[in-house]
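Here are some short notes to read alongside the model. Please keep the structure open and find each residue as it comes up.

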Amino acid sequence: MKHPSIRSGLRTLLFALCLVAGSVATHAVQPSVQPLLPGKWPKWPQGGAYNVKVAGNHAYLAVGEGGIAAFDVSDPKNPVRVGGCDTPGIAYAVAVSGNYAYVADGTNGLQVIDVSNPTNCVRVGGCDTLGSANDVAVSGDYAYVADIGAGLQVIDVSNPTNCVRVGNYGGTAYGVAVSGNYAYVAGGYQDLEVLDVSDAANPVRVGGYDASGASLGVAVSGNYAFLAAYDKGLHVIDVSNPSNCVRVGGKVTIRAIGVALSGTYAYVADEWAGMKVIDVRDPTNCVVAGYYYGDGSAHGVAVSGNYAYVAGGYGGLHVIDVSELPNCVRVSGSGTFNYVESVVVSGGYAYLAIAYAGLEVIDVRNPTSCVRVGGYFISGGTRGMAVAGSHAYLAATRRNMEVIDVSNPTNCVRVGNCYTGGNAYDVAVSGNYAYVADYYQGLQVIDVSNPTNCVRVGGYKTRYNTVGVAVSGNYAYVADTYEGLQVIDVSNPANCVRVGANDNSGTAYGVAVSGNYAYLANGEAGLQVIDVRNPAHCVRVGGYTTTGYALGVTVSGNYAYVAADDLLVLDISDPTNCVRVVDHKTRGYARAVEVVADRIYVADGIAGLLILPSVLNFQHTLRIDATPNLPFTLEAATNLADPNSWQPLLTTNVATMPFDFVDFDVKAADKPQKFYRVRQP
């Protein structure tokens, strides 16, 4: 994982607090100037949701590389992430007992997290295991860890800060449940093992059951064990006599990998087939009572009251109302793996296209405190998007363009869609038309004059796979992967005509148009600059070879901002001679970039959204607070010992504070130290 930050670079820029010259009115604000620091969303580490447990008003999810995530689910229709704690390994499962969460953390064994304050989860201890911890159950003073490659590990957690392994039973283990004096272990291809753990230091096998499949999860209620046996489905096993376990019933599902029990129902996490609800009141005759397919991914499930909480892998948390079976209705959810594919900024909000999840709306007016205000779940997720007026147009991965009313960002409502037939990757909107890059179906043109009734009116089947689109005037400029740039005349949307192209080495993924030039994010070939003044004769005039894979590009003023694993800024004032200005390392893998009011918004893949008001050696944003409607002067100096060193940068009068000023004269080589102050009046 990359660990860049502009904060360390900003240490070379020192800031002087303002000096006040003269008196001000009693309601006046003492003028000040501070650096506007970068921001990000989400603020917690991320990962796919593999397991979930509910304790009280909180759901705790094991989110792989992101450790655990804590959600307030007091209102199941509005789960709010309130905390989390990264773990050193990969969190596969979690159990909660009292004030502690116990995490099966892969090769880092058992990790213990204090969750007495879910908004401030803190790791307090742990214990390495012999294999790879995949599941955990807690009973009394002991944690029982299903350890792939090392069987069952028994750990004394009576002192969470000093966990001690006291016993084990060899073999392999994928899942574990404990009831009374027995531990029930889902042993992969060793199937179900029943162990007497009355002596924690000496677990003894007393029985078992061969499910003839890969046993991955287990739950126990009364005299029955419910075994998630992958492609063999759910097995119901009578364990009233542990030495003679007998299968009495079950239900074939697609790929059962986890199971939870509530009342007379078993809730099965059926991987790509979603969640199945099995009526087990008669264990000898199990019946499917309901199901939730959703985005086709369920790795773990927990039940509390009328709701099932599904750990949906890359789809994050899903909350399902199961009060009226067979109707299982998704009422809410939240991403834990917010893989940001693209970003559009409008009116103080960032609209994010999230892989596996859909739309997220983030208030970015204060970049250091980004807040999610709304969103819309789309099964399968999204890749590209556009915002026009009060609507967001999303390229949904399941062959659709979805239209979401975002006039109220806190209440996003789906109002329309259009089946595209291919695999929508990107969308641009111009006038009454949306232009969809539809992969193997090429360019699709959709009339969106009535967003509630979108109609496909035309298109053009390109030679390869269309993944990016920009529109300028009468032309659509298409990134057609191995076929490079394609120029389509869309003056008659019902009769789109290819008029030109430019095929360069590389793989065209993203395109932006500014003036007479198209800028192509060309994969391994970096940025390509193409003169499109004559669309029938497109000519490459310049470019820049990036070190990363160029996937997205936007142009603002004299600069091209390229998402190429990291953020690359190029001076394109002379398009025939692109000059590198700065290469800013990001934490994830930059996929797209947007520039609004000199703030740079990076869709940074697994690292989420990155907001850069300042970039070392390129720009530095200052936030000025002063009395409104009273002139102020911003000054800069490079030598505090010389009172004549102060030079005015700006004198203005604004009605609204705070006021942001972007200083582009921040080359560290020329000005290794720079000081700022503001005077008013």
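1. A nonpolar core is a set of buried Ala, Val, Leu, Ile, Met, Phe, Trp, Tyr and Cys residues joined through side-chain atoms within 4.5 Å. Buried means under 20% relative accessible area. The model discussed here is predicted.

2. The largest nonpolar core contains 18 residues. Tyr267, Met275, Val301 and Ile320 have the most contacts inside this core. At least two core residues come from each of β24 (265-269), β25 (275-279), β26 (287-292), β28 (307-311) and β29 (317-324). β24 gives the largest share, 3 residues.

3. Which residues does Tyr267 contact, leaving aside neighbours within four places in sequence? Among them are Met275, Val277, Val301, Val303, Ala308 and Val322. The list also includes Gly258, Ser262 and Lys276.

4. An open sheet is formed by 4 strands in the order β7-β8-β9-β10, with antiparallel pairing. Its edge strands, β7 (93-97) and β10 (122-127), each pair on one side only. From one strand to the next, the twist averages 25°.

5. Within this sheet, β7 and β8 (residues 100-104) run antiparallel and are joined by 5 bridges. Ser97 has Tyr100, in β8, as its bridge partner. Strands of a sheet pair through backbone hydrogen bonds.

6. A polar atom of the Thr621 side chain lies 2.4 Å from the backbone oxygen of Pro613. Not counting residues up to four places away in sequence, Thr621 touches residues including Gln34, Leu36, Ser614, Asp660 and Phe661.

Note on methods: Residues are numbered from 1 along each chain as its sequence is written. This is a predicted model: local features need pLDDT of at least 70, side-chain atom pairs count only at pLDDT 80 or more; totals for chains, interfaces and linings use all residues. Side-chain values use heavy atoms; hydrogens and water are left out. Two strands pair if DSSP finds at least two bridges between them. Axes are lines fitted to C-alpha atoms, for helices over the stretch in contact, and angles run from 0 to 180 degrees between N-to-C directions. Buried means under 20% relative accessible area, exposed over 50%, partly exposed in between (1.4 Å probe, protein chains only). Contact means heavy atoms within 4.5 Å. A polar contact is a pair of N or O atoms within 3.5 Å; within protein, one must be able to donate a hydrogen and the other to accept it, and residues adjacent in sequence count only if both atoms are side-chain atoms.
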